[in-house]
Amino acid sequence: MVYGKKQGIFQKHGDIIFFDWENDGISDHVGIVARVDNNKVYTIEGNSNNDNCAEKNYDINSGVIVGYGTPMY
């Protein structure tokens, strides 16, 4: 299940984070939440910086974040 930011569901490490880079309402990239600290969400993402995996961070209210999903494992 994907939880949108508007639903008031907060992210936690291990969640999948969904992004919409094209601002068309369709998720077109995902990452894994590594941690949340000081209103920033830190992620691990592939296809970053010349197709490498990298840690990135975003403002918790960033407009490119669609929502979060919690894997059932």
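Here is a short tour of a nonpolar core and the salt bridges in this predicted model. Residues are numbered from 1 along each chain as its sequence is written, and side-chain values use heavy atoms, with hydrogens and water left out. Because the model is predicted, local features need pLDDT of at least 70 and side-chain atom pairs count only at pLDDT 80 or more, while totals for chains, interfaces and linings use all residues.

**Stop 1: the core.** Select Ile17, Phe19, Val33, Val41, Tyr58, Ile65 and Tyr68: these 7 residues are the largest nonpolar core (buried Ala, Val, Leu, Ile, Met, Phe, Trp, Tyr and Cys residues joined through side-chain atoms within 4.5 Å). Strands E2 (16–19) and E6 (65–69) each supply at least two of its residues; strands are DSSP runs of at least two residues, numbered from the N terminus.

**Stop 2: Val41.** Now click on Val41. Setting aside neighbours within four places in sequence, its contacts (heavy atoms within 4.5 Å) include Gln11, Arg35, Val36 and Lys56.

**Stop 3: the salt bridges.** How many salt bridges are there in the whole structure? A search finds 2, each a side-chain nitrogen of Lys or Arg within 4 Å of a carboxyl oxygen of Asp or Glu.

Select Glu55 and Arg35 for one of them, at 3.0 Å from N to O. Glu55 sits in strand E5 (residues 52–59) and Arg35 in strand E3 (residues 29–37), so the pair ties together parts 20 residues apart in sequence.

Next, show Asp15 and Lys12, whose closest N and O atoms are 3.4 Å apart. Asp15 is buried at 3% relative accessible area, whereas Lys12 is partly exposed at 44% (buried is under 20%, exposed over 50%, partly exposed in between; 1.4 Å probe, protein chains only).

Notes: Helices (H or I, at least four residues) and strands (E, at least two) are DSSP runs, numbered from the N terminus.
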